[in-house]
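User: I am new to this structure. Please show me how to read a few of its features.

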Amino acid sequence: MKLKAMMRPAVGSLLLLAPMAMALVSPLTTTSSKCTPMKASSRLFGSASSSGSSSAVSSLPRLFDSKGTELSVDQASERLAGKRVAYYFSAGWCPMCTRFEPSLVEFRQAAQDSGKELELIYVPSDRSANDAAKRSASMDMLQVPFGEESEQLKKEYKIWAGSEALKLGFGRRSGVPALVVLDGETGEEMAFLPTESQGVQALGAWPLDEEKGVW
């Protein structure tokens, strides 16, 4: 049975779909190594766009698309408009992450098919900028630049890989993978999805029906 045919608008239906995704979705295909790595910077967007979610957009760090192109504030605002947005903390060397991601991609598609489009922003814990860029491209996600800006978000939300503990500390609330759903009005945390500990079941806690979650 196709997932699209099973979709319902309620959040609960997506939770029911999540356990099936592991079996139904084949592993992600790795893209070419020619993806453009991104240079880290501490600069945030910091300026408002003309859209209704300008406050939320201005709260974001710099964003790059899956082709390695940096988005302007207006471009980011246009891309995120009408979507439900979350940071995705992950790493390509992490087996738990790579096993989880086919289900995450299937969940994203199922939500889109039900009229609730998602935008996932990759926060990398990869070994290099090039690895992070390839991962962003393989999953067709926006990306926070590898390095300083990613580390800033990890410290803010207390999510990082165990291998980063010597650099970022031991006071984290979660390792990777994990998601933080963002408020569409303020850009602040709206929900935390502990997928490291709960796996695909945690996706059912995404408040897809809440209006404030729409950018």
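Predicted model: local features only at pLDDT ≥ 70, side-chain atom pairs only at ≥ 80, totals over all residues.

User: How many disulfides does the structure hold?

Analyst: First, the general idea. A disulfide is a covalent bond between the sulfur atoms of two cysteines. Here the structure holds 0 disulfides.

User: Are Cys94 and Cys97 buried or exposed?

Analyst: Cys94 counts as buried because its relative accessible area, 7%, is under 20%. Cys97 is buried too, at 0%.

User: Where is Asp126 placed?

Analyst: Asp126 sits in the loop between β2 (118-124) and α6 (129-139). Asp126 is buried, with a relative accessible area of 7%.

User: What does the side chain of Asp126 meet?

Analyst: Two partners stand out. A polar atom of this side chain lies 2.6 Å from the backbone nitrogen of Gly92. The side chains of Asp126 and Tyr122 are joined by a polar contact of 2.5 Å. Beyond four places in sequence, the contacts of Asp126 include Trp93, Arg135 and Phe146.

User: How much space lies in the second largest pocket, and which residues are nearest its centre?

Analyst: Rolling a probe the size of a water molecule over the atoms shows where empty space is left. In this case the second largest pocket holds about 170 Å³. Its lining has 14 residues, and Asp126, Phe146, Glu151, Lys154 and Glu164 lie nearest the centre.

User: Which helix gives the most to that lining?

Analyst: α7 does, with 3 residues. α7 (148-157) and α8 (165-168) each supply at least two. By class, the lining has 4 nonpolar, 4 polar and 6 charged residues.

Notes. Residues numbered from 1 in each chain as written. Heavy atoms only, no water. Disulfide = S-S within 2.5 Å. Buried < 20%, exposed > 50% of the residue type's maximum accessible area, 1.4 Å probe, protein only. Helix = DSSP H or I, 4+ residues; strand = E, 2+ residues; numbered from the N terminus. Polar contact = N/O pair within 3.5 Å; in protein donor to acceptor, adjacent residues only side chain to side chain. Contact = heavy atoms within 4.5 Å. 1 Å grid on protein atoms, 1.4 Å probe; cavity = no way out; pocket = protein on both sides within 12 Å on 5 of 7 lines; lining within 4 Å. Points joined across faces, edges and corners; volume = space filled by probe spheres on them. Nonpolar A, V, L, I, M, F, W, Y, C, P; charged D, E, K, R; others polar.
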